[in-house]
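Please look over the sequence and the model shown here before reading on. The paragraphs after it are meant to be read with both in view.

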Amino acid sequence: MAFSWISLFNPHYLFFKAVRILRLVRIIELVPYLNYLVSSLKNAVSGVLHASSILLLLFYVFSVMGVQFFGVHQPEKFGNLSKSMYTLFALMIEEG
């Protein structure tokens, strides 16, 4: 127990942390269900990243349009790009 606390604060014990992680990887390889689960998660992450990047691109486009169209009339909400993105995000989650 004390060794694990020491390794948190001392960068020379990073090797032992890596060994612990490798032990977890070995357990995942030994259990077929965990191996199937991890490979499914890896496949799902790529789809989520693609969807997130498309959503971020749409947010950027509509934020630029918001600054151009409403920046003069409502500078507190659409004055610059970051304010416009925050306003669009708040509208998307129905906060504001």
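Predicted model: local features only at pLDDT ≥ 70, side-chain atom pairs only at ≥ 80, totals over all residues.

Residues are numbered from 1 along each chain as its sequence is written, and side-chain values use heavy atoms, with hydrogens and water left out.

The protein chain holds five helices and zero strands, where helices (H or I, at least four residues) and strands (E, at least two) are DSSP runs numbered from the N terminus. Read from the N terminus on, the order of elements is accordingly α-α-α-α-α. Of the 96 residues in the protein chain, 9% are buried, a term that means under 20% relative accessible area, with exposed meaning over 50% and partly exposed lying in between (1.4 Å probe, protein chains only). The accessible surface of the protein chain is about 8200 Å², and 72% of that surface belongs to carbon and sulfur atoms; accessible areas come from the Shrake-Rupley method with a 1.4 Å probe, and for residues only the protein chains shown count as cover. If one takes the contacts (heavy atoms within 4.5 Å) in the protein chain between residues at least 6 apart in sequence, 17% of them join residues at least 24 apart.

Turn next to helix H3 (residues 32–70) and helix H5 (residues 81–92), whose axes come within 8 Å and cross at roughly 115 degrees. Here the axes are lines fitted to C-alpha atoms, for helices over the stretch in contact, and angles run from 0 to 180 degrees between N-to-C directions. H3 and H5 are therefore roughly perpendicular to each other, since angles of 65 to 115 degrees count as roughly perpendicular, those under 35 as roughly parallel, those over 145 as roughly antiparallel and the rest as oblique. On the H3 side the contact involves Phe59, Tyr60, Phe62, Ser63, Val64, Gly66 and Val67, and these meet Leu81, Ser84, Met85, Leu88, Phe89 and Met92 of H5. The residues of this contact of H3 with H5 comprise ten nonpolar, three polar and no charged, with Ala, Val, Leu, Ile, Met, Phe, Trp, Tyr, Cys and Pro counted as nonpolar, Asp, Glu, Lys and Arg as charged, and the others, Gly among them, as polar.

Which residues does Ser84 touch, not counting residues up to four places away in sequence? Ser84, which lies in helix H5, touches Phe62, Ser63, Gly66, Val67, Lys77 and Phe78 on that count, and Ser84 is buried, with a relative accessible area of 0%. Met85, also placed in helix H5, is partly exposed at 26% relative accessibility. Leaving aside neighbours within four places in sequence, Met85 is in contact with Phe59, Tyr60 and Ser63; between Met85 and Val67, the C-alpha to C-alpha separation is 9.5 Å in space, and the two are 18 residues apart in sequence.

Thr87 has its place in helix H5 and is buried, with a relative accessible area of 11%. Apart from residues up to four places away in sequence, Thr87 touches Lys77 and Phe78. Glu76, in helix H4 (residues 75–78), counts as exposed at 55% relative accessibility, and the C-alpha atoms of Glu76 and Thr87 are 9.6 Å apart across eleven residues of sequence.

The walk ends with Glu95, found in the segment after H5 and exposed, with a relative accessible area of 55%. When neighbours within four places in sequence are left aside, Glu95 is in contact with Tyr86 and Ala90.
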